Amino acid sequence: MGISYFEEKKIFKLDTERTTYLIGLSPEGYVGHIYYGRRLLGEGSNYLLRMQEPPYTPSVNLREKSSFLDAFPTEYPTGGIGDYRESCLDVRGESGSIGSELLFDSYRILKGKEKLAGLPASFGRQEDVETLEIICEDSILQLRAILSYSVFACCDMITRSVRIENIGSRHLKLEKVYSACLDMDNRDFEMLTLTGSWARERCIQRGRVRYGKQMVSSVRGESSHQEHPFIALVTPETTQESGEIYAMNFVYSGNFIAQAELSQYGNVRMVMGIHEDYFCWNLRPGEMFQTPEAVLTYSAQGLGRMTRNFHDFYREHIIRSPHKYGKRPVLINNWEATYFDFDSEKLVDIAKEAGKAGIEMLVMDDGWFGKRNCDDSSLGDWTVNEEKITAGLPDLVQRVNDAGLKFGIWFEPEMISPDSDLYRAHPDWAIQIKGRRPTQIRAQYVLDLSRPEVVDYAYKCIADILHCAPIAYVKWDMNRQLCDIGSSCLKEDAQGELMHRYVLGVYEMQERLVNEFPDLLLENCSGGGARFDPGMLYYSPQIWCSDDVDAVERLRIQEGTALIYPLASMGAHIGDCPNHVVGRNTPFATRGHVALAGTFGYELDITQISKEEREQIPEQVGLYHKYRPLIQGGDYYRLASWSMEKPYDCWEVAAKDKSHALVTFVQVLAQPNVHSRVIYLRGLEEKWKYRLEGTEEIYSGEELMKCGYLVPSCKGDFISFLYHFVRN
Ligand code: GLA
């Protein structure tokens, strides 16, 4: 396993436990993609590069160079010289024209993996990961491209990124620089992506790949509610258990493109990177540009295997937080309980009642600072509003602590309200185009985080608050997307750098935060789940999944999110009913079972709900603590999908050692005159016996997996059951 180079054949072989990735060089030094798929035991050869077929390589047939370039499966296509498919690199030279051509220069193989400057990225010990760097050059532009591949053998993951260096004496402009490309022969692939909107993030979408380009993307300055930096090409009929999948996910939180292109010879090119729109980066002599990382996995065992590869990988190699596997406090957040209408007394009342029910942390959401009594002012003025928090923050925190709860707080540090002291003092700190009135979204502008003094200010606001009292948790929100892309600080020819510099500014602030407050539990959020991506997971072990906490809507949102991200990274709470977004009533117990599949908490006024509901809370908190280690560390299996096909939804988490498994079954709409439902468990040991906890029922692992378990038919909409099978 790991990385090998076969000098004679000029082939690089990247092996993980179940997969092989082969890269080959043409005689001229073009870096070609030979193969990615099931693990190959032999060395492999390069016939799939089709260099022996017409039009042949340029050294044999120079007059048809473009025909070659336009068909050659390449690792990193460059624009402007005859490959007309999507390019990954467009460089404008000093002459003003675009064109680049990368030829192999050398390579380097190293144990472990180096950090990516300023960016979140996967990490691992020397025994976990090996890295291949293929160094290519364009001798005309005097540009070097270092194609980097890190191989995480145990979870079948390969991460890719590119570093571009200007090694000449002329000013170059990068107009596009993607992170990864995968060229393959088409196999009637379907493209699977995640799309949505506010309150309905990450719905699974799947359709046949057609000729031309199809993509998901964002130019909103964040990964977005609408489209997600994830793409998978799957063979037809792929299910949870069978079918082949090539998947890419982007460790980045800003503009992106994830695209599949089916071209004339039946070749599919899959690319991922920072979106080229609004992007242009100056690369002066001696400078370098580092792309974010794309994460690739291949599964020959259906979507389930792909999912578990991602979960294991993110848990072990992206999420750094000490809270990753730790006991995370069950929290109660006052947003849906009070919105902006609260004061210290109200919060303390909630905390006292919550403490009695076993809830462990109170989170004070939006509205505690400046003059913020609704959403049209004060972002940027991060001083406590003492009309609401009457005796100051340390006093409130103390009183909440006295009630037995930790204290958490909400910030939206990247923003500035037009009606704020900050804006009155520094109108130029807002992102805007000179001479054009900036567009408001939720009555706010975005801070220009390309400016170091703005990053310093925004960071200091958070740090000062955190220093004034023992605050255990921060919810870091970001409630509007970017437009009017202009900085009053960047030079004219650097305006195209703003959107990426903005993301780097966010990363810098979060990096400072986790370093200065290592025990802090950080939860990212963006108008619900608009910035739920691996970049953010590098800083926070959990991300608010959606502003829609309706138990039924959450089935779909959490199914789509858990397709890639570990359950314990999904912020999931029990809200009040009728649900504030869809107006639906669902049983309190069902809301609890659905929220158990994430980081568990409450989003309601506990002093106002019914006694019957309040009395269920201690048991729910107990369930969370009982199953937390399993949900944080186990293997996730999707057994049935309400959003795709069934009247019910069902998922399972099995312990890695197969000693027990928790199944959650939700009957969405009851149907008349139906039998019990059979569900087939996964991830158990066939030979072992399992007892269904709380009953005398005993089954073998084989029975549960091959014959299935029968969920009795029952009456009622939106009802749910937990089944815990424990080795007997
Ligand atoms: C966003 C978040 C909510 C809440 C509000 C406050 O919408 O997703 O949970 O914090 O902002 O304004």
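At what angle do the axes of helix H10 (residues 551–562) and helix H11 (residues 588–595) cross? Select both helices to find out. Keep in mind that this is a predicted model.

**Stop 1: H10 and H11**

The axes cross at roughly 15° and come within 9 Å. Angles under 35 degrees count as roughly parallel, so H10 and H11 are roughly parallel to each other. The crossing of H10 with H11 is left-handed. Now show side chains. From H10, pick Ala551, Arg554, Leu555 and Gln558; they meet Thr590, Arg591 and Val594 of H11. Coloured by class, this contact has three nonpolar, two polar and two charged residues.

**Stop 2**

Look at the bond joining Cys577 to Pro578: the peptide is cis, with omega about -5°. Most peptide bonds are trans.

**Stop 3: the ligand**

Select the ligand and what surrounds it. How many residues surround the ligand? There are 13, and the closest are Asp365, Asp366, Lys475, Gly528 and Asp547. Next, check distances to ligand oxygen atoms. A polar side-chain atom of Asp547 is 2.5 Å from one such oxygen. For Asp477, an N or O atom in the side chain lies 2.8 Å from a ligand oxygen. Gly528 uses its backbone: an N or O atom there is 2.8 Å from an oxygen atom of the ligand.

**Stop 4: H4 and H5**

Move to helix H4 (residues 344–356) and helix H5 (residues 393–402). Their axes come within 9 Å and cross at roughly 20°. That angle makes H4 roughly parallel to H5. The crossing here is right-handed. Which residues meet? On H4, select Ser344, Glu345, Leu347, Val348 and Ala351; on H5, select Leu396, Arg399 and Val400. By class, the contact has five nonpolar, one polar and two charged residues.

**Stop 5: backbone details**

Select Pro54 and Pro55. A cis peptide bond joins them, with omega about 10°. Pro55 is in the loop between strand S4 (31–38) and helix H1 (65–69).

Then go to Asp156. Where is this residue found? Asp156 lies in the loop between strand S8 (143–152) and strand S9 (157–166). Is its phi positive or negative? Phi of Asp156 is positive, near 55°, in a residue other than glycine. Most residues other than glycine have a negative phi.

How values were computed
Residues numbered from 1 in each chain as written. Predicted model: local features only at pLDDT ≥ 70, side-chain atom pairs only at ≥ 80, totals over all residues. Heavy atoms only, no water. Axes fitted to C-alpha atoms, helices over the stretch in contact; angles between N-to-C directions. Helix = DSSP H or I, 4+ residues; strand = E, 2+ residues; numbered from the N terminus. Parallel < 35°, antiparallel > 145°, perpendicular 65-115°, else oblique. Left-handed = near helix turned anticlockwise from the far one by under 90°. Contact = heavy atoms within 4.5 Å. Nonpolar A, V, L, I, M, F, W, Y, C, P; charged D, E, K, R; others polar. Near = heavy atom within 4 Å. Polar contact = N/O pair within 3.5 Å; in protein donor to acceptor, adjacent residues only side chain to side chain.
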